[in-house]
Amino acid sequence: MRSLLVVLALLGTTLAVPTSAQAEAVPLAQVCSVSCDTLDPSRAQEETFPVPEKVINGRRVVLHVSDKDSMAWGSIDNGVTNDAVWLDRSWDGGATWEGLLGKASIPSGWTGTRTLMYNLADPGGHRRGMIRACGDAAGVDCTAWVYSAVCAAACDGSNGPSGDNQPVPSASLSGRRIALHIDNRGMAWGTIDTGRAGDEVWLDRSWNEGASWPGGSSLGRVGVGSGSAAAQTKLYATADPRSKLYGGAVRACGRAVEGQNGACTAWARPASDRASAAADALMYSYQPNTAWWLSSWWNSAVALTTVMDYQQRTRRTDLRWMVNEMFDKNKGVFPAGVKSGDALEGNFISRAIDDTEWWAIAWIQAYDLTGERKYLDMAVTIANYVHGYWDTGSCGGGVWWDRERTYKNAVTIGLYIRMTAALHNRLPGDSVWLQRATTSWNWFTNSGMINSAGLVNDGLTGSCTNNGQAVWTYNQGLAIGGALELWRATGDAAVLAKARQLGDAAMSSTLLSPGGILTESCDAAGNCDDNQKQFKGIFMRYLMDLADSTGDASYKTYAQRQADSIWQNDRDSLNRLGQRWAAGGVRDWRTQASGLGGLLAATPKS
């Protein structure tokens, strides 16, 4: 171990490396991304060698990387018994590191061994890492750190911006102007002007919304040259897709040559493309390991559907990886309290019938996006379960909201109509799902849930009459969406006309659209719960469908008005979108997904 410390000192490390015994006594916290640390390399989805191997006294130390897993492992060969290999991982650009990760020694009779796999990044903790492989073979040495530069649309340190946007006001410093610039690809740079020779400018980059920036300080630091008054940094990326790190924030900072004065702009994210900016901020909260957005089960299904709408509408493919991740990691059995207040019984089924339906809608969208039949098959499985709660013995039909059969309401029947009609439209030769869709639509329109103003109340009383409860935007949207899908199945002009009536009623309603901006009844008081935070985006998804299906300029004009208000009145410099589209308010990932839905409705199809 003494020789190890000597060599590491020569390499320039500032971190005391623990002995093997110390490493075992104080285990490091396990990091999870797509998978968790210590995955066996036999399960790697690919194998690449992005840095040169290191030869130590004839032994080969190799760093292996799987970008598909965002993980790495090390190996040593041509060795002898007790030669060792391990990984170092740094969270601050290589200044310090976790050492001896997965240390493995060559056993007697062998000439090589390998470590287990460790994550290159910690998306859930918003940390970007670097890894290298090290070996001890009568001497210690290490490979280079892998991915020291971030590469997205371009790599850190590049030149040639494509466009120039300044998302936040410049900072002033003793007459100097320090500005943050971001191009149309999300590459950032900083400038200083009206300065003096010796002034400096640089970028800071944070993966946790500006709370800290380890490894991201003083990027591209450059001084104003003799005879000049200005300088600019190289370009740096604001996202790291390889590490599944989204929502990176940057700021420009500068220092005056005289004194110790410095100043920085506010933190910002790219904002040249509205939908992409909102999607990036939404992905900041996504958890790759557990494949959902924390603490909301059905809301995660809707957020996934919105991300897929974004990918489909813009013809992008960069986030399609998460579709299969969410499918595979969430289709199993989970006890109550893990992902939902209800137990999840496999295949996205639970006692909450509407929660289950949201997942069917998501997997139908996944089938449309990818063409993979497994998603459509899952939607059929879910729909068969839900159909078991169609009950003509109460109110002449309708689907129960829960397994206990306590309530028949608009959300459950709206989802059922959309789901059954969508299955018919995607299953050649079907007649069963079409009959169910038609029957459920006729039942809904005769149920009384649509009031005299053309707005959808929440549900029915025990005596099968409109209960007069709140008109929620998502119920209105689902009624439109169900009608449109059925119209595509049947060509019935009356069904399309009803969809238009429902859309027109929402747009002209002083309840849902005061001042022309879509509003939830809980918005003004600021007490919308976690479910209600996402309702408006659902309405806009189906208004977008109505605009696409009819080509009616009034729907497009309404959608554009919402998008403009969201962008101008409900967005901060990190592109976070709030509850109140006319005036900001509470912000979290649910309001972000809802706002993204609003922006997408005004986004032309690519």
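Predicted model: local features only at pLDDT ≥ 70, side-chain atom pairs only at ≥ 80, totals over all residues.
Entry 1, nonpolar cores. I began with the largest nonpolar core, which holds 118 residues, and looked up the members that touch the most others: Trp293, Leu304, Met326, Trp358, Trp363, Leu423 and Phe444. I then followed Leu423 and, leaving aside residues up to four places away in sequence, found that Leu423 touches Ile364, Leu376, Ala379, Val380, Ala383 and Trp433. I also noted a second, separate core of 19 residues, with Leu173, Ile178, Ala231 and Ala256 among them.

My search of the whole structure gave 24 aromatic pairs. Phe327 is buried at a relative accessible area of 4%, and Trp363 is buried at 0%. I found both residues again in one aromatic cluster, formed by Trp297, Phe327, Phe348, Trp359, Trp363 and Tyr375.

I turned next to Trp390 and Tyr416, where the ring centres are 5.8 Å apart and the planes stand at 25°, so I recorded the pair as stacked. Trp390 lies in the loop between helix 7 (373–387) and helix 8 (410–426), while Tyr416 lies in helix 8, and the two are 26 residues apart. Trp390 counts as buried at 18% relative accessibility because the cut-off for buried is under 20%, and Tyr416 is buried at 0%.

I found the charged end of Arg251 over the ring of Trp213, 4.4 Å from its centre, and Arg269 over the face of Tyr284, at 5.0 Å from the ring centre.

I counted 47 salt bridges. Arg351, which is partly exposed at 27% relative accessible area, meets Asp342 at 3.2 Å, N to O, and Asp402 at 3.6 Å. Asp342 is buried at 14% and Asp402 is buried at 4%. Asp402 sits in the loop between helix 7 and helix 8 and Arg351 in the loop between strand 24 (344–345) and helix 6, so their pair ties together parts 51 residues apart in sequence.

I also checked Asp523 and Lys536, whose closest N and O atoms are 3.1 Å apart in a salt bridge, and both residues are buried. Finally, I traced one network in which salt bridges with shared partners join Asp368, Arg418, Arg426, Glu485, Arg488 and Asp545.

Methods: Residues numbered from 1 in each chain as written. Heavy atoms only, no water. Core = buried A, V, L, I, M, F, W, Y, C linked by side-chain atoms within 4.5 Å. Buried < 20%, exposed > 50% of the residue type's maximum accessible area, 1.4 Å probe, protein only. Contact = heavy atoms within 4.5 Å. Phe/Tyr/Trp six-rings, centres within 6.5 Å; stacked < 30°, edge-to-face > 60°. Helix = DSSP H or I, 4+ residues; strand = E, 2+ residues; numbered from the N terminus. Lys NZ or Arg CZ within 6 Å of the ring centre and 35° of its normal. Salt bridge = Lys/Arg side-chain N within 4 Å of Asp/Glu carboxyl O.
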